[in-house]
Amino acid sequence: MDNNLLPKFAKQIEQLSAADLAAIEADERFNMEEFTEGTKSVRMVYAPFDHVNKQAKIVIVGMTPGAFQAKQAHAAACEALKSGVSISEASKKAKVFASFSGEPMRGNLIKMLDYIGVNQLLGIDSTSSLWTDKSAMVHFTSALRYPVFVDGKNWSGQPDMVRTPRLKNWLETYTGAELKLLPDALIVPLGPKVASAMLHLADQGMIDGSRILDGLPHPSGANAERIAYFVDEKPADLCSIKVNTSKLDTARDALCARVSLL
């Protein structure tokens, strides 16, 4: 599989207007695949998220790029291509500009990664530097690499990507092939659905399961209390009943042990 599809779409991207960018998720020129699951219409569209940082020591994996990220990536690629840079450089600029680096949940993720010792494993003071002077060490991607929409809205996990044959094929064909290029990198899935997808790729022999750091609470602000308990900032007796402290203890101990072994 060609790991970079930007050459196929470069001409269309270079010609994008501001109005085109505003409705990029509905632009049929970027349709890749579409199918119906039950009563739902599921569609994957192209956006330039192809670039792979092959020097990365750690990979942070989200669900799928949403419409906002797709617009950012297309806009960055359009500007780069119009400036006359190479396809490879335009691909890199688009990926870096539109990736996870601007997300507000970054602070929560840094806190948890440092707590379980990932910073020490990487030989850095804090994983916060992955977003600054150590950015060459990190690669950002998604379980479904290209934007997926269900009934015109950002896919949020349903239908399930491992249990739905077409979604599973996208997971293996794009993200599985991408991660095979980074066999020695740590893999940090954001949330249980992404963790399940990464474990599926491990079962298929596409990635090394021992390098998947599954079990972290999702770094979303909605999980603030779970994260606070996970990193010992809030004692169990002050946690609300929605926090399963026993489950978090097991996950934290397992993650610390895995990082220690690596």
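The legends below describe close-up views of a predicted model. Residues are numbered from 1 along each chain as its sequence is written. Local features need pLDDT of at least 70 and side-chain atom pairs count only at pLDDT 80 or more, while totals for chains, interfaces and linings use all residues, and side-chain values use heavy atoms, with hydrogens and water left out.

**View 1. Helix α1 packs against helix α3.** Two packed helices are described by the angle between their axes and the distance between the axes. Helix α1 (residues 6–14) and helix α3 (residues 67–82) meet at an angle of about 85 degrees, and their axes lie 9 Å apart; helices here are DSSP runs of H or I with at least four residues, and strands are runs of E with at least two, numbered from the N terminus. Axes are lines fitted to C-alpha atoms, for helices over the stretch in contact, with angles from 0 to 180 degrees between N-to-C directions. The angle makes α1 roughly perpendicular to α3, a term used for 65 to 115 degrees. Ala-10, Ile-13 and Glu-14 of α1 make the contact with His-74, Ala-77, Cys-78, Leu-81 and Lys-82 of α3, where contact means heavy atoms within 4.5 Å.

**View 2. Helix α1 also crosses helix α4.** The axes of α1 and α4 come within 11 Å and cross at roughly 80 degrees, which makes α1 roughly perpendicular to α4. On the α1 side Leu-6, Pro-7 and Ala-10 take part, and they meet Ile-87, Ala-90 and Ser-91 in α4.

**View 3. The largest nonpolar core has 51 residues.** A nonpolar core is a set of buried Ala, Val, Leu, Ile, Met, Phe, Trp, Tyr and Cys residues joined through side-chain atoms within 4.5 Å, and buried means under 20% relative accessible area (1.4 Å probe, protein chains only). Ile-13, Tyr-46, Ala-143, Leu-144, Leu-167, Trp-170 and Met-198 touch the most other members of this core. Helix α3 gives the most to the core, with 7 residues. Leaving aside neighbours within four places in sequence, Ala-143 is in contact with residues including Val-61, Met-161, Leu-171 and Met-198. A second, separate core of 29 residues includes Ile-58, Val-118, Trp-131 and Phe-140.

**View 4. Strand β7 is covered on both faces.** In strand β7 (residues 186–189), Leu-186 and Val-188 on one side and Ile-187 and Pro-189 on the other are all buried. Strands β3 and β7 run parallel and are joined by 4 bridges, and Val-61 stands opposite Pro-189 in β7.

Methods:
Parallel < 35°, antiparallel > 145°, perpendicular 65-115°, else oblique. Buried < 20%, exposed > 50% of the residue type's maximum accessible area, 1.4 Å probe, protein only. Pairing = 2+ DSSP bridges.
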